[in-house]
Amino acid sequence: MTRKGFTINERGQLNRFAIEPKVYVDETPRIGFTKYAEKLNGRLAMIGFVSLIALEVFTGHGLIRLLTNL
């Protein structure tokens with residue numbers, strides 16, 4: 001039974017807390033060769049590629065040369 005945002009349980013006690021929302025559980029797999037994993041991998045690869053290009057543009061040296069000078 002619901003009354004103005006409050007609920008009453010089966011023993012007739014008033015619940016003074018807000019009505020809890022329905023819980024939604026996403027059952028799609030997040031590991032292996034899934035669409036989610038492939039999108040994430042592609043996005044991370046694009047970020048890495050753009051970072052390497054920016055590094056070369058700003059320093060004037062490639063990644064291999066910078067690593068050999070360490």
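Mean pLDDT, the predictor's confidence in each residue from 0 to 100, is 81 for the protein chain of this predicted model. A score of 70 or more is reached by 86% of the residues. Local features need pLDDT of at least 70 and side-chain atom pairs count only at 80 or more, while totals for chains, interfaces and linings use all residues. Residues are numbered from 1 along each chain as its sequence is written, and side-chain values use heavy atoms, with hydrogens and water left out.

The chain has two helices and three strands. These are DSSP runs, numbered from the N terminus: helices are H or I with at least four residues, strands E with at least two. Along the sequence the order is β-β-β-α-α. Strand β1 (residues 2-3) has the lowest mean pLDDT, 48. Where pLDDT is low, the predicted coordinates should not be read in detail. Helix α1 (residues 35-59) has the highest mean, 92.

Helix α1 has 25 residues. From first C-alpha to last, α1 reaches 36 Å, close to the 36 Å expected at 1.5 Å a residue. The expected span is 1.5 Å times one less than the number of residues. Just after α1, glycine 60 takes a positive phi of about 85 degrees.

How much of the chain is buried? Buried residues make up 1% of its 70 residues. Buried means under 20% relative accessible area, exposed over 50%, partly exposed in between (1.4 Å probe, protein chains only). The chain exposes about 7,100 Å² (Shrake-Rupley method, 1.4 Å probe). Carbon and sulfur atoms supply 64% of that area.

Now to single residues. Phenylalanine 58 lies in α1. It counts as exposed because its relative accessibility is 72%. Leucine 52 is also in helix α1. Leucine 52 is partly exposed, at 40%. Its C-alpha is 8.0 Å from that of glycine 62, 10 residues away in sequence.
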